[in-house]
Amino acid sequence: MTPLDIETSTPAAGACGASDPLEQVRYVCSLGALSSVIAIPGAIPITHCGPGCASKQFHALSGISAYQGGEFYVPSTNIGNREVIFGGADRLDELIASTLKVMEADLYVVQSGCIPGLVGDDVESVVRTYQDRGLPIVFAETSGYHGNNFTGHETIVQAIIDQYVGSYDGPREPALVNVWSLLPYQNPFWRGDLAELRRILEGIGLQVNILFGHSCAGASEWRSIPRAQFNLVLSPWLGLATAHHLEKKYGQPFLHVPAIPIGAKLTGAFLRQVADFAGLDRQPVEAFIAREESEYYLYLRDFSSFYASCTSQYQLPSQLVVVSESAYNLAVTKFMVDQLGLVPGQQVITENPPEKFRASIRAHYRDLTEDVSAEVTFAEDGHLVHQAIRETDFTGQLPIIFGTTWEGELAKQIVAPLVEIGYPTTDEVVLSRTYVGYRGALALIERTYTTVVRSNTMA
């Protein structure tokens with residue numbers, strides 16, 4: 001299936017530095033970070049933008065990113081020619097007042113789009129009048145030309161921290177951690193992944209502010225951010241700006257773990273690293289890890305029967321191609337190389353991370369496991385992504401692609417199974433599935449080799 005409702009050539013000026021049209025776009029604009037607000041239980045975005053902008057952004061992420069669904073209640077000014085000429089501040093004021101009357105929420109986040117940004121509407125002043133009345137409302141500048149939904153996410157998070165959470169000089173709660181990781185809705189598995197991360201972190205004795213998704217307590221959890229002992233950034237770069245901001249604002253230290261753990265080996269190492277940083281008693285930590293690993297390896301023992309007996313019946317993949325945003329790219333690559341023994345082929349990162357983070361991201365791929373490294377390609381244009389893969393030497397190897405719906409035809413051309421893990425994903429329906437931690441690794445193995453078996457059967 002092809003995601004026909006995505007533009008195949010989309011202007012991306014200002015999107016983290018991109019300035020040319022993109023073929024097969026793999027993210028949305030900064031306004032699309034309204035999905036991050038929707039991902040906070042009890043929060044409602046209010047958008048000051050052109051007609052249809054808000055609905056297109058959300059449905060692009062919720063719909064063709066594995067049909068995740070979600071409650072889409074987003075008031076919008078839908079401004080047009082009149083507001084371009086005369087300004088839209090009055091229209092926004094009217095919308096906010098009406099929203100407060102008919103839509104109950106714990107937190108309202110006003111986001112401005114391209115038109116008010118270009119005409120100079122003073123959105124902040126409008127919102128300030130409601131803040132002065134003690135209402136839980138914040139403002140975030142998310143004009144589309146300022147970046148994509150990754151950078152927009154950071155903007156919104158910091159706006160909520162500064163304008164809603166506010167100052168704090170009270171005590172810290174030992175073993176309370178704020179987790180900054182996957183981008184809501186952009187990653188098809190974010191809900192299940194965040195729930196699994198919360199489960200395993202609580203399993204070693206931490207209290208967890210997961211901050212997004214069904215496992216989040218909502219606005220009250222955000223209010224408790226300053227009380228946390230530390231912040232955990234679990235991604236190659238997303239969340240680092242927030243962690244630095246919290247370090248400066250509240251004096252909170254942070255732990256940066258670039259690779260989200262998948263599988264027993266990497267998850268155990270991750271939990272020990274976090275436990276040491278938090279100063280936890282190692283005995284219950286090791287007990288939890290032992291229980292999880294015992295169950296995990298029982299399932300893996302059962303899988304080994306398939307792997308050992310079916311190599312003659314099925315062509316099992318040996319070379320790995322990963323096309324996705326950096327957090328999942330690094331996580332999946334490390335697991336597949338270190339735990340399943342695949343050879344790294346071409347790893348393509350698609351979200352256009354800021355230039356200042358790229359050297360460190362490259363460095364993570366040079367130490368995937370013992371004596372195994374890979375070079376990574378940064379490409380957001382579909383033509384360039386596929387060109388990089390076609391130029392890969394697959395001689396003597398059977399490739400498998402972990403990518404997006406856009407890689408469907410390419411996978412057929414190079415005779416490779418395709419497992420969809422990134423945006424856009426139109427051949428998967430995802431609600432609570434996870435691919436991280438202990439349980440997620442088993443689900444990823446299931447999905448991978450089910451895809452391999454089916455591709456052999458259909459060949």
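Biologist: Which residues of α4 are buried in this model?

Modeller: In this predicted model, the buried residues of helix α4 are L92, L95, I96 and T99.

Biologist: What puts them on the same side of α4?

Modeller: Their directions from the helix axis cover an arc of only 100°, so they share one side of α4. On the other side, D90, E94, K101 and V102 are exposed.

Biologist: Why is T99 called buried?

Modeller: Buried means under 20% relative accessible area. T99 has 3% relative accessibility, so it counts as buried. T99 belongs to helix α4, residues 89–102. Apart from neighbours within four places in sequence, T99 is in contact with I46, P75 and Y108.

Biologist: And what do the buried residues of α4 pack against?

Modeller: They pack against β3, β4 (107–112), α6 (123–131) and β5 (137–141). Helix α2 has buried residues too, among them F58 and L61. Those of α2 pack against α1 (34–38), β3 (43–48) and α7 (149–165).

Biologist: Let's turn to the rings. How many aromatic pairs does a search of the whole structure find?

Modeller: The search finds 18 aromatic pairs. In one of them, F212 and W222 have ring centres 5.4 Å apart and planes at 85°.

Biologist: What makes the pair of F212 and W222 edge-to-face?

Modeller: Rings pair if their centres lie within 6.5 Å, and planes over 60 degrees apart count as edge-to-face. With centres 5.4 Å apart and planes at 85°, F212 and W222 meet both conditions, so the pair is edge-to-face. F212 is in the loop between β7 (207–209) and α9 (219–223), while W222 is in helix α9, ten residues apart.

Biologist: How do you know whether F212 and W222 are buried or exposed?

Modeller: The cut-off for buried is under 20%. F212 has a relative accessible area of 4%, so it is buried. W222 is at 1%, so it counts as buried as well.

Biologist: Why is the pair of F303 and Y307 called tilted?

Modeller: Planes under 30 degrees apart count as stacked and over 60 as edge-to-face, with the rest tilted. The planes of F303 and Y307 are at 50°, with centres 5.8 Å apart, so this pair is tilted. Both residues lie in helix α12 (residues 282–309), four residues apart, about one turn of the helix.

Biologist: What about the accessibility of Y307?

Modeller: Y307 is at 31%, so it counts as partly exposed. F303, with 16%, is buried. Ring pairs link F303 and Y307 with F306, Y314 and Y449 into a cluster.

Definitions and conventions. Residues numbered from 1 in each chain as written. Predicted model: local features only at pLDDT ≥ 70, side-chain atom pairs only at ≥ 80, totals over all residues. Heavy atoms only, no water. Buried < 20%, exposed > 50% of the residue type's maximum accessible area, 1.4 Å probe, protein only. Helix = DSSP H or I, 4+ residues; strand = E, 2+ residues; numbered from the N terminus. Contact = heavy atoms within 4.5 Å. Arc of directions from axis to C-beta. Phe/Tyr/Trp six-rings, centres within 6.5 Å; stacked < 30°, edge-to-face > 60°.
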